[in-house]
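Student: I have a new structure to look at. Could we go through it together?

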Amino acid sequence: MKRWMILAALLTFALLLAACGGDAGEMEVANVWGRTSPMAAANGAFYMQITNNTADDDKLLSASAAACGTVELHEMYMKEGDVMGMRPVPDGYIALPKGETVELKVGGLHVMCIDKVQEFNIGDQIPITLTFENAGTMEVTAEIRDNAEMPSMDTDGGMNSGG
Ligand SMILES: [Cu+2]
């Protein structure tokens, strides 16, 4: 007849453990940056490293920024003919397994800034709000860096200005 009491005690213990969090840490977001882009470019992209130090798997559900009309979570993918394209992440979120670091980087996952409302110049600080399924919301700041930090890409110098 006392089984429910034992269950209640166990449940309480489990809740206490969860509340204390053991040696689990927090969600850490580091190295948040974006590329320079002139106003003429409608869109921009942000990159960062997200380390899930919490005790549970989590998901990055969405992001928002006052500097952008719309923000989407994107991935790069190989289109037909060896052409890279990008699209919203298929599941609608970015999975963040506990204890792992997920890197949003050039040529991979990124936070897409659609319909920019301002120019992104070197040194600009762009506030971004990240929303996680478990960790809640987090304010981070993207530093705008030079395009030169992009990995080298084949280019045919298509910006010829004639002469
Ligand atoms: Cu994109």
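**Contacts and core**

Tutor: Let us begin with one residue in this predicted model. Leaving out residues up to four places away in sequence, Ala65 touches Val71, Cys113, Ile126, Pro127 and Ile128.

Student: Which residues have the most contacts inside the largest nonpolar core?

Tutor: They are Phe46, Ala65, Val111 and Ile128, in a core of 26 residues. The elements giving two or more residues to this core are β1, β2 (44-52), β3 (58-64), β4, β6 (94-96), β8 (110-116), β9 (125-132) and β10 (136-145).

Student: How many helices and strands does the protein have?

Tutor: The protein has 1 helix and 10 strands. Read from the N terminus, the order of its elements is α-β-β-β-β-β-β-β-β-β-β.

Student: And what share of the residues is buried?

Tutor: Of the 163 residues in the protein, 21% are buried.

Student: Among contacts between residues at least 6 apart in sequence, what share joins residues at least 24 apart?

Tutor: That share is 68%.

Student: Let us turn to Leu73. Where does Leu73 lie?

Tutor: Leu73 is part of strand β4, which covers residues 68-79.

Student: Why does Leu73 count as buried?

Tutor: Leu73 counts as buried because it has 20 C-beta neighbours inside 10 Å, and a residue is buried if the number is 20 or more.

Student: Which residues does Leu73 touch, apart from those up to four places away in sequence?

Tutor: Leu73 touches Leu60, Ser62, Ala63, Pro88, Val89, Tyr93, Ile94 and Val111. As for Phe46, which is 27 residues from Leu73 along the chain, the C-alpha atoms of the two are separated by 9.8 Å.

Student: How do β4 and β5 run where bridges join them?

Tutor: They run antiparallel, and 6 bridges join them. One of the bridge partners can be named: His74 is paired with Pro88 in β5.

Student: What do β4 and β5 form, and how many residues are between them?

Tutor: They form a hairpin with 3 residues between the two strands. In the turn, Gly81 has a positive phi of about 75°.

Student: What is the count of buried residues in β5?

Tutor: The count is 0 among the 6 residues of β5, which spans residues 83-88, so this strand is hardly covered.

Student: New topic: which residue other than glycine has a positive phi of about 55°?

Tutor: That residue is Asn31, which lies in strand β1 (residues 27-35). Asp115, in strand β8, is also not a glycine, and its phi is positive, near 60°.

Student: Why does Asn31 count as partly exposed?

Tutor: Asn31 counts as partly exposed because it has 13 C-beta neighbours inside 10 Å.

Student: Is Asp115 buried or exposed?

Tutor: Asp115 counts as exposed, because it has 11 C-beta neighbours inside 10 Å.

Student: Back to Asn31: which residues is Asn31 in contact with, leaving aside neighbours within four places in sequence?

Tutor: Asn31 is in contact with Met48 and Gln49. Gln49 is 18 residues from Asn31 along the chain, and their C-alpha atoms are separated by 6.2 Å.

Note on methods:
Residues numbered from 1 in each chain as written. Predicted model: local features only at pLDDT ≥ 70, side-chain atom pairs only at ≥ 80, totals over all residues. Helix = DSSP H or I, 4+ residues; strand = E, 2+ residues; numbered from the N terminus. Buried ≥ 20, exposed ≤ 12 C-beta atoms within 10 Å, placed from the backbone. Contact = placed C-beta atoms within 7 Å. Pairing = 2+ DSSP bridges. Core = buried A, V, L, I, M, F, W, Y, C linked by C-beta atoms within 7 Å.
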